[in-house]
Amino acid sequence: MRILYLDCSMGAAGDMLAAALLELLPNPEEFIKELNALDIPGVVFKNEPSVKCGITGTHMIVTVNGEEEESYDHHHEHHNHDHDHNHGHSHHHHNGLHDIEHIVRGHLALPRKVQDDVMAVYGLIAEAESHVHGVPVSEIHFHEVGTMDAIADITAVCMLMDRLAVDEVIVSPVHVGSGQVKCAHGILPVPAPATAYILRDVPIYGGAIRGELCTPTGAALLKHFATRFGSIPVMKTQSIGYGMGKKDFEAANCIRAMLGETDYAGDHICELSCNVDDMTGEAIGFAMDRLFEAGALDVYTIPIGMKKSRPGILINVMCRENDKKTIIQTIFKHTTTIGIRENMLRRYVLDRHMETVETAYGSVRCKVSSGYGVERKKYEYEDISSIAKENNLSMEAVLLKIEKK
């Protein structure tokens, strides 16, 4: 099983997280080109080596219209909105969640899953702002300057997570810093209120280091992607990335990302199953979709013969153990069953990651699976099918042409 461990003993910010994950890729330069090709309005990405306390890592520089936003290093998005509601809505310098969604879904050529991840992270930030300032989410505004910068960081991290395609993300307890931080509304305690709100249910700590170590963006990214928070598991590390912040402290100001495998002995997976004999095909299809949304790894059905000679359907759902409660609730809500069986299974999986291949038809994503002495490649169905439709070809013809190149 492929595991990503994030060491946040110096907190987290969007740019630091992006830089750490970037170091795990075999070809960081190529990825930077892909980020710049997204054409986020006014944004240019650049990675440069950075040394902190004798460790060399990567610093991610995001410039907006040629300027690097100093004040957004450890971003203060928590004050980037407009309190003067008299002119707040006619103002062009602020962006609400709506405007951000328009940029992310309308302007950027991102896979649907990455768009969803970006908006989910923004949703966490907006919800925290809304709670802290006591205004509805629809009235939360992000400063224009900070908006592109934050969209850039969040998009980069969501794309990197998609590219790394890990099975589990384990995050250390988060060091939030201590003391106070200046912002547009005055002096606030560290962690800033929005950060503190996002990190509910997450193990956090402070200490001797004064300053804001974890930003709202960093907190939201960790909260969205973490499978769980805890200490480093037993794992064989394959690659290690250091993402550097701008500021210097007495400790190395970085996030360390470790990518590795838990033993090939396979991982444990939960199988939940039930029998139904009184559901329509449509209702079962609807339930399957809801189960995938709730985090199921796989859902499949088998026709069975039941008592009283009735034909029925066996619904099988595979999920991670920490999603079990949600999945059980979903099965009861969307099926007619009154009982669910559980099995703990061990599964063996090939290590997999996504690669992007340049072809005559443009970029095509390709899933590469390897391990146990085998390697195989499979092109992403959506990419191949859309090329086939656009060019009025069969899928076979597209694949032949791509593989000939």
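Predicted model: local features only at pLDDT ≥ 70, side-chain atom pairs only at ≥ 80, totals over all residues.
Strand β3, which covers residues 55-64, is mostly covered, since eight of its ten residues are buried.

On one side of the description stands strand β2 (residues 43-52), which runs antiparallel to β3 and is joined to it by ten bridges. Within this pair, Lys-46 stands opposite Ile-61 of β3. The two strands form a hairpin with two residues between them, and in the turn Cys-53 has a positive phi of about 50°. Strand β3 also pairs in the antiparallel sense with strand β4 (residues 67-68), here over two bridges, and Thr-63 stands opposite Glu-68 of β4. The hairpin of β3 and β4 likewise has two residues between its strands, and Asn-65 takes a positive phi near 50° there.

## Domains

The protein chain is divided into domain 1 (2-69 + 94-261), domain 2 (268-346) and domain 3 (351-403). Taken over C-alpha atoms, the centres of domain 2 and domain 3 are separated by 31 Å.

In soluble globular proteins, nonpolar side chains tend to be buried together. In this model the largest nonpolar core has 72 residues, and those that touch the most other members are Leu-4, Leu-6, Leu-21, Leu-35, Ile-40, Phe-45 and Met-60. Helix α6 (residues 144-164) supplies the largest share of this core, namely twelve residues.

## The four-stranded sheet

An open sheet of four strands has the order β18-β19-β17-β20, and its pairing is antiparallel. The edge strands, each of which pairs on one side only, are β18 (298-305) and β20 (341-347), and the twist from one strand to the next averages 25°. Strand β17 (residues 267-276) pairs with strand β19 (residues 311-319) in the antiparallel sense over seven bridges, and the bridge partner of Cys-270 in β19 is Cys-319.

## Helices across the sheet

Two helices lie across strands of this sheet. Helix α9 (residues 281-293) lies across β17, β18 and β19 and runs at about 150° to β18, whereas helix α10 (residues 324-334) lies across β17, β19 and β20 and runs at about 10° to β17.

Which residues of α10 are buried? They are Lys-324, Ile-327, Thr-330 and Ile-331. Seen down the axis of α10, these buried residues fall within an arc of 125°, so they line one face of the helix. They pack against β17, α9, β19 and β20, while the face turned away from the buried side carries the exposed residues Lys-325, Gln-329 and Lys-333.

## An exposed loop residue

Ala-184 is found in the loop between β10 (180-183) and β11 (186-189). Is this alanine, Ala-184, buried or exposed? Its relative accessibility is 59%, and a residue counts as exposed over 50%, so Ala-184 counts as exposed. Ala-184 and Asp-117 are 67 residues apart along the chain, and their C-alpha atoms are separated by 29 Å.

Technical notes:
Residues numbered from 1 in each chain as written. Heavy atoms only, no water. Domains from an automatic or database assignment. Core = buried A, V, L, I, M, F, W, Y, C linked by side-chain atoms within 4.5 Å. Buried < 20%, exposed > 50% of the residue type's maximum accessible area, 1.4 Å probe, protein only. Pairing = 2+ DSSP bridges. Axes fitted to C-alpha atoms, helices over the stretch in contact; angles between N-to-C directions. Contact = heavy atoms within 4.5 Å. Arc of directions from axis to C-beta.
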